[in-house]
Amino acid sequence: MRRLVRIGARKRGSRRRTRRPVTTPIRHSKSSCDVLRGDSASNVATVNSWAGVSYLMPLLGAAVADAYWGKYKTVLIGLSISIVGLAMVTASATLPSLRPSPCAYCAPATLSQKLVFLSGVYLCAVGIGASKAVFMSFAAEQFDDGDDDGKKAKASYFSWYYAVANMGMLTAGTLLVWVQDKVSWGLGYGICGLFVAVVVVGLAATAPMYRMLPPVGSPWKGVLQVLCALSRKVKLKVPDDAAQLYEEEDVKDPFLHPVHQRLQHTDQFRFLDKAAIVTDEDLDQDGYRPWRLCTVTQVEELKTLLRLIPIWLTSAVYFVANTQAQTTFVQQGTKTADSHIPAASLTSVETVCVAACVALYNSCASAKPAWRFTPLQLIGLGHATAVVAVAVAACTEARRLRMAQDHQLMGIAWLLPQYVVMAVSDASLSVGQLDFFYDQSPEMMKGVSTAFYFVSVSLGNLINSQLVMLVASVTAAGGGTGWFPPELDDGHLDYYFLLVVAVTVVNFAVFVALANNYTPRRVR
């Protein structure tokens with residue numbers, strides 16, 4: 001689910017960054033240059049701003065779905081917005097009045113031309129970005145968690161979703177890009193818009209088939225109520241008997257999927273239980289005051305969130321290793337003997353391997369249910385194989401540097417093992433994280449839980465870029481060539497891989513400790 005974004009020339013010691021696409025696969029840097037005839041600086045600013053909006057929208061869209069619109073409505077509205085955006089981009093790339101002259105020395109795009117194109121691009125980011133994470137959680141709601149078959153089907157859904165999404169990105173990055181380059185940008189954008197329109201029509205036509213749950217309220221309101229009530233009772237002593245804590249006794253509506261789940265009390269983070277201590281001031285004739293007294297379920301939801309955040313952070317650090325497949329691994333490929341094979345095409349190998357791993361795992365799990373991993377086990381497998389993948393890359397790079405000293409070139413096939421192992425890692429961790437966070441997240445954060453995945457990808461890429469700049473600066477201090485000189489053969493990319501291995505090993509150890517001590521939420 002990745003693609004390479006290359007904008008302008010690279011500065012000394014810098015590296016190419018990649019981001020997982022959150023919206024329709026538009027190659028923004030080349031598009032802004034070809035369609036708007038922008039310079040390198042403006043292209044960089046455009047892509048960075050667009051990426052920021054893209055990574056923000058899954059969280060915002062999920063919050064709106066959970067609190068106000070519901071998931072189905074949010075998906076339809078988001079995709080409809082993206083159709084408008086794609087129509088504007090298609091018109092900008094097709095109509096002569098909306099695009100600048102194609103000659104190399106003509107004037108750049110006018111303000112109105114830029115406005116139409118950039119408005120379309122940002123509408124795509126808003127629409128698809130807001131609906132993408134919500135779509136996953138909406139589909140997961142169609143499975144019944146009340147039996148083991150429903151849970152297994154939901155786990156299979158997340159794995160197949162990730163595999164199909166990878167194949168979709170592979171198709172978009174090959175066939176669709178070929179259409180844009182060889183035929184026209186307008187046709188490529190038009191095909192994207194047509195596909196999204198078909199999805200909207202299909203979802204609208206099949207609406208009666210779906211289980212549509214009403215919005216359960218703001219995902220953050222309950223957290224703020226617990227913190228507010230806790231601040232009022234911080235000096236109180238937590239009772240030894242949890243039965244003395246406040247809990248509502250209303251009956252859950254059996255016709256609604258657990259919109260009013262009640263959670264069992266846990267002893268972890270007991271200081272938070274103070275928010276559920278009943279005092280004379282908390283009750284009035286109309287019942288309890290939610291900003292002074294919270295239920296055990298509300299407190300347990302905050303405890304669950306506190307348990308999930310550290311595990312989520314380890315996933316963000318994991319993507320420091322994972323993103324090497326689209327950056328440094330590709331740079332290795334540019335220094336091989338097979339110059340006729342584009343180095344960036346190796347990422348397609350990983351994409352195909354991800355889909356193959358998912359298909360193989362689901363086949364084995366269906367034939368042998370005992371072989372099915374828990375979500376935490378899948379995440380752990382992803383962390384462990386990421387260590388192996390980057391370690392293999394370090395050994396391969398050390399071999400390539402030795403051959404370069406003897407004026408020899410290594411074959412590009414030597415890079416395949418690290419891509420295959422990273423594909424196993426990517427499939428394991430991504431599928432496990434999506435399933436785990438959806439299953440364990442508080443009831444009011446089911447939509448936000450899937451958006452956390454995209455935020456962890458973004459954060460991992462950000463950490464990696466900052467780490468690269470820091471290492472490049474430190475190793476080149478004093479006038480040395482450093483690990484990242486302009487000529488890769490003069491540097492030590494293998495040392496950087498070993499550094500990433502060390503970071504990933506520590507991160508894996510932290511994850512194992514967190515997983516072993518994790519207390520799952522329990523519904524009464």
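## Helix packing in a predicted model

The axes of helix α12 (residues 416–440) and helix α13 (residues 446–475) come within 8 Å and cross at roughly 150°. Axes here are lines fitted to C-alpha atoms, for helices over the stretch in contact, with angles from 0 to 180 degrees between N-to-C directions.

This is a predicted model, so local features need pLDDT of at least 70 and side-chain atom pairs count only at pLDDT 80 or more, while totals for chains, interfaces and linings use all residues. Residues are numbered from 1 along each chain as its sequence is written, and side-chain values use heavy atoms, with hydrogens and water left out.

**The chain overall**
- You'll find 14 helices and two strands in the protein chain; these are DSSP runs (helices H or I, at least four residues; strands E, at least two), numbered from the N terminus.
- Of its 524 residues, 50% are buried, meaning under 20% relative accessible area with a 1.4 Å probe, protein chains only (exposed is over 50%, partly exposed in between).
- Take the contacts (heavy atoms within 4.5 Å) with a separation of 6 or more: 80% of them join residues 24 or more positions apart.

**α12 and α13**
- On the α12 side, the contact includes Ser430, Gln433, Leu434 and Phe437; among its α13 partners are Lys446, Phe452 and Tyr453.
- By class, that α12–α13 contact has five nonpolar, five polar and two charged residues. Nonpolar covers Ala, Val, Leu, Ile, Met, Phe, Trp, Tyr, Cys and Pro, charged covers Asp, Glu, Lys and Arg, and the others, Gly among them, are polar.

**Gln418**
- Gln418 sits in helix α12 and is buried, with a relative accessible area of 0%.
- Leaving out residues up to four places away in sequence, Gln418 touches Phe329, Gln332, Ala389, Val392, Ala393 and Thr396.

**α8 and α11**
- Helix α8 (residues 296–322) packs against α11 at an angle of about 25°, with axes 10 Å apart, so the two are roughly parallel.
- α8 passes α11 in a left-handed crossing.
- Ile311, Thr314, Ser315, Tyr318 and Ala321 in α8 meet Leu376, Gly382, His383, Ala386 and Val390 in α11; the tally is six nonpolar, four polar and no charged.
- After α11 comes His407, whose phi is positive, near 60°.

Terms used:
Angles under 35 degrees count as roughly parallel, over 145 as roughly antiparallel, 65 to 115 as roughly perpendicular and the rest as oblique. A crossing is left-handed if the near helix is turned anticlockwise from the far one by less than a right angle, and right-handed if clockwise.
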